[in-house]
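User: I have a model open and a few things to ask about it. Can we go through it piece by piece?

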Amino acid sequence: MSRATSTRLAALSLVWGSVFLWIKIAGYGFSPVQMVLIRLALGAAVILAIGYAKGLRLPKGAAIWGHLTVAALLGNAVPWTLYAEGEVAGSSGVAAVVNGSAPIWTLATALLLGQEKRISGRAVGGVLVGLGGTALIASPWNSGSTGSGWSILCFVLGSISFGASFAYTGRFLVGRGVPPLVLAGGQLGAATLLLLAAFPFLGLRAVTWRADSVIAVLVLGVVCTGFAALLNFELIFKDGPTVASTVTYLMTAVAVVLGALVLHEPLGWTVWLGAVAVLAATGLLRRRGPQHAVHSTGRGPVVASKTETPGIDGGVARGFRGRTRIPRE
């Protein structure tokens with residue numbers, strides 16, 4: 001691996017791995033809905049501005065915007081708000097590890113949508129190992145070490161919604177000839193409108209103006225949601241999806257370490273064992289056949305037919321036409 005590749009990989013892992021830390025700190029001053037609304041608006045502004053500078057424009061048509069809205073609901077508005085809510089009383093490290101179980105729910109949704117006609121023994125094993133790891137992390141018999149039952153429920157439901165969004169995107173948004181950057185910006189824009197609609201009901205809470213919370217929410221929106229997506233594109237285009245997929249494992253480790261060092265979060269043996277199980281399950285579910293280049297985005301190198309949509313970590317995960325690809329976290 002070249003020095004440039006290592007630098008890009010380390011930078012993206014650090015940025016995405018820090019998301020859960022920034023969510024925790026932003027929650028000291030902002031409600032979950034307030035935090036997510038600001039994050040979405042800033043991230044959309046960054047991506048759309050860069051897209052327009054490249055000569056790209058938002059797609060037209062009610063059908064594609066309907067699908068973008070559903071993807072925004074499942075992949076941004078719901079999971080990001082749930083993770084922010086869960087971190088009010090829960091651990092950022094635990095949130096990061098549970099987030100790693102999203103591939104399990106992607107596979108389950110793909111089966112329901114008919115994208116996966118059959119499931120291999122390896123995939124079944126991955127699902128079972130991942131569910132076991134999630135149960136260990138939740139530790140209902142010892143919830144004091146991982147956070148409240150409510151926080152764990154928020155993390156799990158957020159992961160389910162997040163995983164389902166990738167299968168939905170692969171089914172309804174891939175192969176429409178729309179550049180990935182445009183889809184990402186459109187989805188973030190749609191999610192921003194969804195949060196604006198929910199704001200009068202869920203976001204009207206007094207803001208506690210703290211410097212650390214303001215900085216955290218700005219970093220979440222501009223860096224972790226906007227510019228990180230572009231860094232992810234560069235990593236995929238220059239180094240390939242196999243290298244880019246290792247970010248899943250690195251960012252989870254970064255998140256757990258940051259939570260322990262910065263926030264002094266206690267992590268019991270069940271969390272560590274559960275983390276190993278979830279990452280092992282992700283590895284099993286990621287083992288697919290070779291990816292072949294089939295079309296060009298119109299800007300940059302030829303890439304596999306894919307769409308890239310923002311996830312909980314502000315990152316961009318890949319869905320493929322006719323066959324669901326397991327997302328990153």
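**Working through the model**

Analyst: Serine 159 is a place to start: this residue sits in helix α8, residues 149–172. Helices (H or I, at least four residues) and strands (E, at least two) are DSSP runs, numbered from the N terminus. This is a predicted model, where local features need pLDDT of at least 70 and side-chain atom pairs count only at pLDDT 80 or more, while totals for chains, interfaces and linings use all residues. Residues are numbered from 1 along each chain as its sequence is written, and side-chain values use heavy atoms, with hydrogens and water left out.

User: Is serine 159 buried or exposed?

Analyst: Serine 159 counts as buried because its relative accessibility is 0%. Buried means under 20% relative accessible area, exposed over 50%, and partly exposed in between, with a 1.4 Å probe and protein chains only.

User: What does serine 159 touch?

Analyst: Leaving out residues up to four places away in sequence, serine 159 touches Tyr83, Val98, Asn99, Ser101, Ala102 and Trp105. Contact means heavy atoms within 4.5 Å.

User: Now the overall picture. How many helices and strands?

Analyst: The protein has 13 helices and four strands. Of its 329 residues, 57% count as buried. Among contacts between residues at least 6 apart in sequence, 85% join residues at least 24 apart.

User: Which residues touch the most others in the largest nonpolar core?

Analyst: Phe20 and Met35 touch the most other members of that core, which has 66 residues. A nonpolar core is a set of buried Ala, Val, Leu, Ile, Met, Phe, Trp, Tyr and Cys residues joined through side-chain atoms within 4.5 Å. Apart from neighbours within four places in sequence, methionine 35 is in contact with Ile23, Ala26, Gly27, Phe30, Ala84, Val217 and Leu220. There is also a second, separate core of five residues, including Ile104, Trp105, Leu107 and Val127.

User: And glutamine 34, where is that?

Analyst: Glutamine 34 is in helix α3. At 6% relative accessibility, glutamine 34 counts as buried. Its contacts, not counting residues up to four places away in sequence, are Phe199, Gly203, Arg205 and Val207.

User: Where does arginine 205 sit?

Analyst: Arginine 205 is in the loop between α9 and α10 (211–239). With a relative accessible area of 42%, arginine 205 is partly exposed. Beyond four places in sequence, arginine 205 touches Gly29, Phe30, Ser31 and Gln34. The C-alpha atoms of arginine 205 and serine 31 are 6.8 Å apart, although 174 residues separate the two along the chain.

User: Switching topic: how many salt bridges?

Analyst: A search of the whole structure finds one salt bridge, meaning a side-chain nitrogen of Lys or Arg within 4 Å of a carboxyl oxygen of Asp or Glu. The partners are arginine 210 and aspartate 212, with their closest N and O atoms 2.6 Å apart. Arginine 210 is partly exposed at 34% relative accessibility, and aspartate 212 is partly exposed at 30%.

User: Last one. Which residues line the largest cavity?

Analyst: The lining is Ile47, Leu48, Gly51, Tyr52, Leu56, Arg57, Leu58, Leu181 and Val182. On a 1 Å grid over the protein atoms alone, a cavity is a set of points where a 1.4 Å probe fits but cannot get out, and lining residues have an atom within 4 Å of a point. Helices α3 (32–53) and α9 (180–202) each give two or more residues to that lining, and α3 gives the most, with four. The largest cavity holds about 40 Å³ of space.

Terms used:
On a 1 Å grid over the protein atoms alone, a cavity is a set of points where a 1.4 Å probe fits but cannot get out, and a pocket is an open set with protein on both sides within 12 Å along at least five of seven lines; lining residues have an atom within 4 Å of a point. Grid points are joined across faces, edges and corners, and a volume is the space filled by probe spheres set on the points.
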